[in-house]
Number of protein chains: 2
Amino acid sequence: MHIEELTRDASLHFLAGSSLGRLACANQSQPYITPFYFVYHDQWIYSFSTIGQKIEWFRTNPLACVEVDEITSPQEWTSVIVFGRYEELAKTTDGQAPREIPIERHEESTKSIADQDARNLDFKLLQQRKLWWEPGYSRTVLHGTPRPLEPVYFRLSVDEISGHWATLE
Amino acid sequence: MHIEELTRDASLHFLAGSSLGRLACANQSQPYITPFYFVYHDQWIYSFSTIGQKIEWFRTNPLACVEVDEITSPQEWTSVIVFGRYEELAKTTDGQAPREIPIERHEESTKSIADQDARNLDFKLLQQRKLWWEPGYSRTVLHGTPRPLEPVYFRLSVDEISGHWATLE
């Protein structure tokens, strides 16, 4: 088996061509992984989620890891790892006021405009890539009880990225 | 979209039927994900790895998360999450003395026999499931330089397991 490192550009290219990955957060020293759909754009990974453990943990600790891969066998695979930070995007164009977001970097009042732009971009990118779905489809029924969809838009900075690919000789 | 919780038994069944998952460790509050192959057996997840960042981090902090899934689309998926602890298995039957393992739970001398049994089981399970490969195929060439394969056998306890599956209505 040969394992080669991907260059930063090749890693970014692989990330940009992916839409499904796995996202990890950590509470203290306990990691937690969820699969997620995303769009990469200009050094940021855009996505959304409903409220849940992942979002709660990220609001306390923004350190994130994203992994995307293509795995054929133990000896043939590509995997790209991103270390970054979670940044929540305020609500905007749906008529609701941006709500308070308990992340330090959102406390600057000048940030809210950038947040709105970022959230609009997030929504647009997700729509373009068909990673968003219509409200009619998105009503979640958990344990037989309809659960209101409360999407939280967020993005993850690509602070460090690395990749490897393995091939049979 | 309907999201249903899986029972513990259904989650274990899904885990037992999987061989590829994603494994997260954490260094302080920074999570890190890698894809990995494994075999589930009797409340433990068995696997091996070469030395690297994951193993180094687990030796400092054994808290782990494993995620296995089958994802068809954003609305159709199954995902199972395990919280557990990393436990390294000592070398045995290959003629090498068990080496020192800097994990607290390995310091008990009475543990080494159980470790050996566990490691033998790990190797056997991985062979049975064809998740191990012959040395001839496993020589890793990284950056053009052959890197010796130093497999580290480990297992992860299944302390908590939960699962969800989503379907279109």
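This is a predicted model: local features need pLDDT of at least 70, side-chain atom pairs count only at pLDDT 80 or more; totals for chains, interfaces and linings use all residues.

Q: How many residues of chain B are in contact with chain A?

A: On the chain B side there are 46, and they touch 46 residues of chain A.

Q: What area is buried between chain B and chain A?

A: Interface size is often given as the accessible area lost when the parts come together. Here chain B and chain A bury about 4000 Å² between them. Carbon and sulfur atoms give 62% of that area.

Q: How many salt bridges does the rule find across the interface of chain B and chain A?

A: The rule finds 4. One of them joins the side chains of E67(A) and R22(B), at 3.8 Å from N to O.

Q: Which element of chain B gives the most to the side that touches chain A?

A: Strand 6 of chain B does, with 8 residues. By class, that side of chain B has 24 nonpolar, 14 polar and 8 charged residues.

Q: Now the helix. Which residues are buried in helix 1 of chain A?

A: An α-helix has 3.6 residues a turn, so residues three or four places apart point the same way. In helix 1 of chain A, residues 8–16, the buried ones are S11(A), L12(A), F14(A) and L15(A). These residues cover an arc of only 160° around the axis, so they sit on the same side of the helix.

Q: What is on the other side of helix 1 of chain A?

A: D9(A) and H13(A) are there, and they are exposed. The buried residues of helix 1 pack against several strands of chain A, including strand 1 (2–6) and strand 5 (44–50).

Terms used
Residues are numbered from 1 along each chain as its sequence is written. Chains are lettered from A and ligands numbered from 1 in the order in which they are written. Side-chain values use heavy atoms; hydrogens and water are left out. Contact means heavy atoms within 4.5 Å. Buried area is the accessible area (1.4 Å probe) that two parts lose on being put together, summed over both. Helices (H or I, at least four residues) and strands (E, at least two) are DSSP runs, numbered from the N terminus. Ala, Val, Leu, Ile, Met, Phe, Trp, Tyr, Cys and Pro count as nonpolar, Asp, Glu, Lys and Arg as charged, and the others, Gly among them, as polar. Buried means under 20% relative accessible area, exposed over 50%, partly exposed in between (1.4 Å probe, protein chains only). The arc is that of the directions from the helix axis to the C-beta atoms.
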